[in-house]
Amino acid sequence: TDIVIPAVNDANENGVDDAVDTQLADAEVAVAAAEQAYSDAAADLAAAEADDLITPTEVAALEQALADAQQAKTDAQTAVDALPAEVQAEKDGFQDRLNALTDIVIPAVNDANENGVDDSTEDQVALVEDLVAAAEQAYSDAAADLAAAEADDLITPTEVAALEQALTDAQQAKTEAQAAVDALPAEVQAEKDGFQDRLNALTDI
């Protein structure tokens with residue numbers, strides 16, 4: 001009786017099942033992607049800190065970069081965990097590389113109105129005025145966008161997406177302004193109350 005010749009499962013003759021080779025290759029890609037994401041986040045942080053000013057826009061970008069890096073690390077960890085014991089040395093090597101990845105620490109905002117001046121050197125009331133005015137403008141822009149979208153009595157998915165972004169931008173501007181108003185001291189209570197009235201008048205579209 002003829003022998004039954006089995007299928008090849010070590011095509012490159014390296015002593016490792018080809019399926020495991022594929023797992024190793026996938027893990028290498030995932031770990032390298034995580035390393036790149038952490039490197040990118042660190043570079044973004046260095047760029048943001050280069051002028052000694054941190055704006056809300058920079059913080060939002062850094063938070064996204066950190067989230068992207070953490071997700072890449074999670075994905076890579078899953079790929080490494082799935083490696084079998086027969087490649088334990090390689091598995092340990094990948095794990096060491098992942099363990100070396102450290103989250104960036106996102107600095108506090110010190111240029112809330114993004115005017116290129118450290119907030120600590122600015123007049124507080126003037127700073128809050130800028131932020132409240134920016135919130136008012138954002139709400140005005142959102143209302144204008146809504147009116148334009150409704151002008152033809154047709155609302156498209158593109159218009160809805162744009163309106164959602166405009167609303168998000170307006171709400172974020174209001175949140176930043178509210179934090180600044182809340183921080184005003186009692187000695188400028190009259191101005192504080194005036195700012196609060198202006199913020200209270202802002203209604204979501």
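Predicted model: local features only at pLDDT ≥ 70, side-chain atom pairs only at ≥ 80, totals over all residues.

Biologist: Start with α2 and α3. At what angle do they pack, and how far apart are their axes?

Modeller: Helix α2 covers residues 56-81 and helix α3 covers residues 88-99; they pack at an angle of about 165 degrees, with axes 10 Å apart. Angles over 145 degrees count as roughly antiparallel, and α2 and α3 are therefore roughly antiparallel to each other.

Biologist: Left-handed or right-handed crossing?

Modeller: α2 and α3 cross in a left-handed sense. On the α2 side the contact is made by K73, A76, Q77, V80 and D81, and on the α3 side by K91, F94, Q95 and L98.

Biologist: How does that contact of α2 with α3 split by class?

Modeller: There are 4 nonpolar, 2 polar and 3 charged residues in it.

Biologist: Now α5 and α6. Which residues meet there?

Modeller: From α5, K174, A177, Q178, V181 and D182; from α6, K192, F195, Q196 and L199. That contact of α5 with α6 has 4 nonpolar, 2 polar and 3 charged residues.

Biologist: And the geometry of α5 and α6, what is the crossing angle?

Modeller: Roughly 160 degrees, and the axes of α5 and α6 come within 10 Å. The two helices are therefore roughly antiparallel to each other, and α5 passes α6 in a left-handed crossing.

Biologist: What about α4 with α6, at what angle do their axes cross?

Modeller: The axes of α4 and α6 (residues 189-200) cross at roughly 10 degrees and come within 10 Å. Under 35 degrees counts as roughly parallel, which makes α4 roughly parallel to α6.

Biologist: Change of topic. How much space is in the largest pocket?

Modeller: The largest pocket holds about 230 Å³. It is lined by 13 residues, and P56, T57, A112, E114 and E176 are the closest to its centre.

Biologist: Which helix gives the most to the lining of the largest pocket?

Modeller: α4, with 4 residues. α2, α4 (124-150) and α5 (157-182) each supply at least two lining residues.

Biologist: And the lining of the largest pocket by class, how many of each?

Modeller: The lining has 7 nonpolar, 3 polar and 3 charged residues.

Conventions
Residues numbered from 1 in each chain as written. Heavy atoms only, no water. Axes fitted to C-alpha atoms, helices over the stretch in contact; angles between N-to-C directions. Parallel < 35°, antiparallel > 145°, perpendicular 65-115°, else oblique. Left-handed = near helix turned anticlockwise from the far one by under 90°. Contact = heavy atoms within 4.5 Å. Nonpolar A, V, L, I, M, F, W, Y, C, P; charged D, E, K, R; others polar. 1 Å grid on protein atoms, 1.4 Å probe; cavity = no way out; pocket = protein on both sides within 12 Å on 5 of 7 lines; lining within 4 Å. Points joined across faces, edges and corners; volume = space filled by probe spheres on them.
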